[in-house]
Amino acid sequence: MLLKQLYTRGSLRNASEGVIFSVKNRLSDAKLTGLKEVVIGDKSIPLADVLVDLGDGSLLPATQITESSPIDFPLRKAINVITKTGPLPEGKYKVKVKFKTSPFGNLEIKVEDSIAKEDTNLVKIPRNDLDDYSDEAIKNRHKFIDEYVRKHVNPDFKGVNHITKYSFDPHLTKGNCEHFVGVAQVPMGIAGPIRINGEHAKGDFLIPLATAEGTLVASYNRGMKVLNMSGGVTCTVIGDAMQRAPVFCFENAREAREFHKWVQANFAKIAEEAEATSNVAKLQYIDTYLSNKFAYLRFNYSTGDAAGQNMVGRATFAACSWILDAYTPGKIKNFYLESNFATDKKASQVNVMHTRGKRVVAECTIKRDVLIQIMRVEPEKLVTHYHVANIGSILSGANNNGLHSANGITAMFIATGQDVANVSESSAGIMYAELTPEGDLYMSITIPSLIVATHGGGIKLATQNECLQMLGCTGRNTVNKFAEIVAGVVLAGEISLASAISSSDWVSSHEQYGRNR
């Protein structure tokens with residue numbers, strides 16, 4: 001099953017050079033040390049008639065790939081296999097490829113693909129198979145946008161302009177954005193510095209916030225001022241786990257229960273299979289949830305400085321491939337790699353209870369005089385407001401009894417190249433407030449599913465990496481530092497907005513700073 005994922009479905013096609021299909025490395029970095037056999041349908045293609053397109057404009061005869069002359073085949077690299085044969089009729093074909101790699105040895109892929117009739121009326125966005133991030137490819141898409149929009153959408157369209165202005169090499173976005181045409185310029189402001197008293201983040205940090213919402217930067221800046229005047233914000237990472245949640249289907253509930261027992265007994269081997277796909281991912285434990293005749297397994301990993309969704313997907317697929325081979329034949333009736341129980345890109349109670357990404361607590365004690373002087377509100381009033389708002393959040397069924405954690409998280413995510421869709425999970429928050437014996441305000445927020453990264457994803461992009469450098473969050477072992485900073489920023493925003501609402505400054509502030517008429 002795992003090897004089938006290397007073949008790019010729907011890539012079988014007729015071309016002027018011959019019949020072509022694509023293979024992509026979805027395992028880990030490797031070297032291709034030999035192509036041994038290519039079969040399409042019932043025809044074995046002589047290796048002398050096979051070329052390998054390396055994606056950089058060069059074509060290499062298959063016979064020249066040897067252990068002494070290997071080619072690099074890193075993770076996520078795709079290559080085209082070109083067979084110098086006549087065109088194939090439309091229909092389904094079995095495709096078999098045997099090849100040798102380091103470190104995996106001899107591998108064999110067997111799949112079924114089809115030659116389909118090309119719809120000549122289908123509108124296609126221009127692309128360049130050899131270099132889709134070249135100036136020529138990008139300008140072709142600009143021309144395509146202008147012509148298409150004027151013809152089908154808006155005849156007065158003046159053409160793309162602002163999105164075409166960027167300050168970095170477009171090739172940097174390979175692996176982050178397809179059909180690249182330019183950039184979306186989002187206004188960015190800075191707030192702070194904010195004093196973070198963390199285990200990983202220690203010191204005063206300027207915070208980049210990318211947003212189009214008026215008063216947001218000013219509000220967070222005000223909250224940071226209050227925190228700083230009270231000694232800063234203490235932040236603690238208390239949990240770390242990234243999930244993939246496959247489901248196994250059985251004939252009845254008892255067989256699902258027995259499977260659960262078997263999984264627990266074989267955890268060490270399952271972990272070994274999963275971790276073989278990555279140098280970083282470590283399988284910590286597997287939670288099993290039984291319902292009806294189904295066994296939902298929630299694989300929990302640590303993923304280093306990466307957010308890790310793709311990493312754990314690959315690792316779990318490898319583990320499940322071994323499970324399907326090793327478990328009693330015929331017992332497992334069906335299997336899906338994701339059961340919707342990892343709740344990827346969705347807010348959920350299971351993540352609030354059990355952590356997804358980083359579980360972080362930010363807490364502070366705001367001096368009474370500071371709160372009254374800066375925010376014009378007494379601690380007692382804020383605590384009462386907190387209790388009343390708690391009832392509102394319960395009645396609404398919200399995933400958050402705080403105020404607007406998504407605001408600061410989203411603005412920081414855009415600025416630093418995080419996966420912004422993860423705000424759906426990351427915005428969950430558990431707020432707590434109390435009056436201290438001295439009459440000061442204690443406030444804390446727990447963010448149970450903060451999904452952040454300082455490696456991989458969009459953090460390598462030019463402006464996003466620059467913002468991470470401002471925070472000192474590039475390089476190894478910096479993800480917990482970043483998580484603590486994000487949590488501290490969230491608490492600053494909670495204090496600022498809560499105070500504004502309690503003191504009735506909220507509407508007047510938006511009237512002064514946030515209206516763009």
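**Exercise 1. Find where Asn477 lies, and decide whether Asn477 is buried or exposed.**

*Solution.* Start with the location: Asn477 sits in the loop that runs between α11 (462–470) and α12 (479–502). Keep in mind as you look that this is a predicted model. Next, check the backbone: Asn477 is not a glycine, yet its phi is positive, at about 60 degrees. Most residues other than glycine have a negative phi. Finally, turn to accessibility. The relative accessible area of Asn477 is 71%, and exposed means over 50%, so Asn477 is exposed.

**Exercise 2. Work out whether Thr343 is buried or exposed.**

*Solution.* First find Thr343 in the loop between β17 (334–336) and α6 (349–354). Thr343 is not a glycine either, and its phi is positive, about 55 degrees. Now for the accessibility: the relative value for Thr343 is 10%. Buried means under 20%, so Thr343 counts as buried.

**Exercise 3. Determine how helices α2 and α7 are oriented to each other, and which residues make the contact.**

*Solution.* Take the geometry first. Helix α2 (residues 216–229) packs against helix α7 (residues 368–375) at an angle of about 155 degrees, and their axes are 10 Å apart. Angles over 145 degrees count as roughly antiparallel, so α2 and α7 are roughly antiparallel to each other. Their crossing is right-handed. Now list the residues: α2 contributes Arg222, Gly223, Lys225, Val226 and Met229, while α7 contributes Val370, Ile374 and Met375. Sorted by class, this contact has 5 nonpolar, 1 polar and 2 charged residues.

**Exercise 4. Name the side chains that make polar contacts with the side chain of Thr288.**

*Solution.* Locate Thr288 in strand β15 (residues 282–291). Then look at its surroundings: leaving aside neighbours within four places in sequence, Thr288 is in contact with His260, Gln264, Tyr296 and Leu297. Now pick out the polar contacts. The side chain of Thr288 makes one with the side chain of His260, at 3.1 Å. Another, of 3.5 Å, joins the side chains of Thr288 and Gln264.

Notes
Residues are numbered from 1 along each chain as its sequence is written. This is a predicted model: local features need pLDDT of at least 70, side-chain atom pairs count only at pLDDT 80 or more; totals for chains, interfaces and linings use all residues. Side-chain values use heavy atoms; hydrogens and water are left out. Helices (H or I, at least four residues) and strands (E, at least two) are DSSP runs, numbered from the N terminus. A polar contact is a pair of N or O atoms within 3.5 Å; within protein, one must be able to donate a hydrogen and the other to accept it, and residues adjacent in sequence count only if both atoms are side-chain atoms. Contact means heavy atoms within 4.5 Å. Axes are lines fitted to C-alpha atoms, for helices over the stretch in contact, and angles run from 0 to 180 degrees between N-to-C directions. Angles under 35 degrees count as roughly parallel, over 145 as roughly antiparallel, 65 to 115 as roughly perpendicular and the rest as oblique. A crossing is left-handed if the near helix is turned anticlockwise from the far one by less than a right angle, and right-handed if clockwise. Ala, Val, Leu, Ile, Met, Phe, Trp, Tyr, Cys and Pro count as nonpolar, Asp, Glu, Lys and Arg as charged, and the others, Gly among them, as polar. Buried means under 20% relative accessible area, exposed over 50%, partly exposed in between (1.4 Å probe, protein chains only).
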